[in-house]
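Me: I am new to this structure. Please take one part of it, look at it closely, and then say what else can be noted elsewhere in the chain.

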Amino acid sequence: MKKVQKGGYRVGYGDEEGQVGEWAKEKLRYLQSYLPSFTKATKKAKSRYYIDGFAGTGKWIVRETGEEIKGSAQIALETNPPFSKCFFIEKDASRADKLKELQARYPSRASEVICGDCNEVMPLILRQISPYAPTFVFLDPSGAHIKWSTIQLLSKYRTELFINFPLQMDLQRRLPNDPAKLNPNDIDTLNAYFGSEAWKDIYSRKFSLEYPRYSALSLMELYVSGLKELGYKYVHYSDAIRNSRRVKLYYLIWVGKHPVGEEIMRHVLRVQFNPQLSLFDNY
């Protein structure tokens, strides 16, 4: 996939022509099914919010088929019962402009498009909402663009997070087989992504004959463990999402603090879509 470069920031979703792979439909299908259940379950709350950290344009074209599909922003705007307000963050200015065009098509739905970096914009959004308001946060980059400090801030609110964990797409590519080739910029990025240098202990196992041996999935275990320590009691994660050549790309992680949300997500991702395969397992 051809990536967009804007000011040194790699846009991690879609290409310059607004195309995505067939596999992108899977996560959007989960989102489209879950959000109405979320707003229905929280309808007694005074307010409920949706935050999209990497909102794109609102629609995509499936590269393999030419099919036009709804993006996460359009799915959120069309959710019934509606959110009290939707916040769409997008760093690329041209994509943000397209989001504003989409926004204009839904005048009855309160929403705001903010052009900027997710990590910088998120604190500004959270200042506008109550820490007790149910808030669904969709974080869907394909790179290590989400700082742990942002996750920590989100954990102080009544949030559910649906996160793209880009293990094969990005994280593993930053960890060369020769430790001497580890890029200092990648070290800084991974420290910010995991919130510590604990990933280095896992990486060092690549070059050790002692147990435990290195496993890339240990990086996801580290991330999930950190989410639990922040108070996200309920965790579900997917099998690897693969491209059309069956190459592993990323995992999806859902975390929440309330058992009702956990029950809904379990139903949506296990019972509704894949009862035999049990796609999402409790971690």
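Reply: A residue counts as buried here when its relative accessible area is under 20%, and two residues are in contact when they have heavy atoms within 4.5 Å of each other. The model is a predicted one.

The part to look at is helix H5, which spans residues 148–155. Its buried residues are Trp 148, Thr 150, Ile 151, Leu 154 and Ser 155. These residues lie on the same side of H5, because the arc they cover around the axis is only 155°. Several elements take part in covering them. Among the helices are H4 (118–126), H7 (184–194) and H9 (217–229). The cover also includes two strands, E9 (135–139) and E10 (159–165).

Beyond its neighbours within four places in sequence, Gln 168 is in contact with Arg 173, Lys 248, Leu 249, Tyr 250 and Tyr 251. The C-alpha atom of Gln 168 is also 8.9 Å from that of Val 247, although 79 residues separate the two along the chain.

Strand E7 (residues 85–90) runs parallel to strand E8 (residues 111–115), with five bridges between them. One of the residues involved is Cys 86, whose bridge partner in E8 is Ser 111. Together with helix H3 (residues 93–104), E7 and E8 form a right-handed β-α-β unit.

Methods. Residues are numbered from 1 along each chain as its sequence is written. This is a predicted model: local features need pLDDT of at least 70, side-chain atom pairs count only at pLDDT 80 or more; totals for chains, interfaces and linings use all residues. Side-chain values use heavy atoms; hydrogens and water are left out. Buried means under 20% relative accessible area, exposed over 50%, partly exposed in between (1.4 Å probe, protein chains only). Helices (H or I, at least four residues) and strands (E, at least two) are DSSP runs, numbered from the N terminus. The arc is that of the directions from the helix axis to the C-beta atoms. Two strands pair if DSSP finds at least two bridges between them. A crossover is right-handed if, with the strands pointing away from the viewer, the path from the first strand over the helix to the second runs clockwise.
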